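Subject: Structure handover

Hello,

Here is the structure we talked about.

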Amino acid sequence: MKKNIVYFVLIIIIGVIAFVPGVKDKLKDMFFPIATIENAVHISDEDYDVELKGINAPNTNLKNFRDKAIFLNFWGTWCPPCRKEWPSIQELYDTRKDHVDFVLIAMNDQEDAVRKFLKENNYSVPVYIAQSPISEKILPKVFPTTFLLDKNGRILIKEDASRDWNTESTHQFIDNIIK
């Protein structure tokens with residue numbers, strides 16, 4: 001009888017995690033950074049060598065962000081999930097731009113479309129278009145893809161989906177990686 005109750009409780013817990021909106025994301029926010037740091041992949045100097053044309057920022061090379069914490073996002077104006085996460089990225093940028101460098105790279109997009117999107121939505125996060133090949137190590141397979149890199153070039157977070165970036169756990173995570 002007690003064994004059946006334990007199984008029943010476990011099934012309810014799994015059901016809540018799987019089917020109740022937000023529970024899975026909350027658990028992921030709580031546990032994801034720890035697991036990611038343990039398995040962090042390092043970005044080499046060659047991986048950083050990407051020429052970037054600035055849309056609302058000066059032209060630069062990604063290697064100029066080496067030795068800095070970076071919020072690196074690959075997105076497109078044509079991508080609905082990318083557009084969905086933009087407000088939270090802007091809010092995170094507004095509060096953490098002094099702690100981490102933001103590099104958002106528009107992919108498969110026209111410069112005019114990107115400029116129009118930024119202007120219409122009053123977004124100020126630095127946006128670039130890659131002018132040279134992007135390393136396979138960071139080249140996205142889906143959009144949006146976001147990396148949070150520490151100053152040693154370790155990928156601490158890789159998110160292959162849209163998410164709310166303006167969360168307390170993300171703020172704490174950024175504050176911890178800059179120490």
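Helix α5 (residues 111–121) lies across β2, β4 (70–75), β5 (101–106) and β6, and runs at about 165° to β6. That angle is between lines fitted to C-alpha atoms, for helices over the stretch in contact, taken from 0 to 180 degrees between N-to-C directions; contact means heavy atoms within 4.5 Å. Helices (H or I, at least four residues) and strands (E, at least two) are DSSP runs, numbered from the N terminus.

This is a predicted model, in which local features need pLDDT of at least 70, side-chain atom pairs count only at pLDDT 80 or more, and totals for chains, interfaces and linings use all residues. Residues are numbered from 1 along each chain as its sequence is written, and side-chain values use heavy atoms, with hydrogens and water left out.

The sheet: 8 strands form an open sheet in the order β1-β8-β7-β4-β5-β6-β2-β3, with mixed pairing. Two strands pair if DSSP finds at least two bridges between them. β1 (41–42) and β3 (60–61) are at the edges with a single partner strand each, so one side of each has no neighbour in the sheet. β2 (residues 51–54) and β6 (residues 127–130) run antiparallel and are joined by 3 bridges; L52 has A130 as its bridge partner in β6.

Aromatic rings: there are 10 aromatic pairs, counting rings of Phe, Tyr and Trp (its six-membered ring) with centres within 6.5 Å; planes under 30 degrees apart are stacked, over 60 edge-to-face, and the rest tilted. One of the pairs is F71 with F102, tilted, at 5.0 Å centre to centre and 35° between the planes. F71 is in strand β4 and F102 in strand β5, so this pair ties together parts 31 residues apart in sequence. Both residues are buried, meaning under 20% relative accessible area, where exposed is over 50% and partly exposed is in between (1.4 Å probe, protein chains only). W86 and F117 have ring centres 5.7 Å apart and planes at 70°, so that pair is edge-to-face. W86 belongs to helix α4 (residues 80–96) and F117 to helix α5. W86 counts as buried because its relative accessibility is 0%, and F117 likewise at 5%.

D160: this residue sits in the loop between β8 (154–159) and α6 (168–177). D160 has 40% relative accessibility, so it counts as partly exposed. Beyond its neighbours within four places in sequence, D160 is in contact with V142, P144 and T145.

Regards
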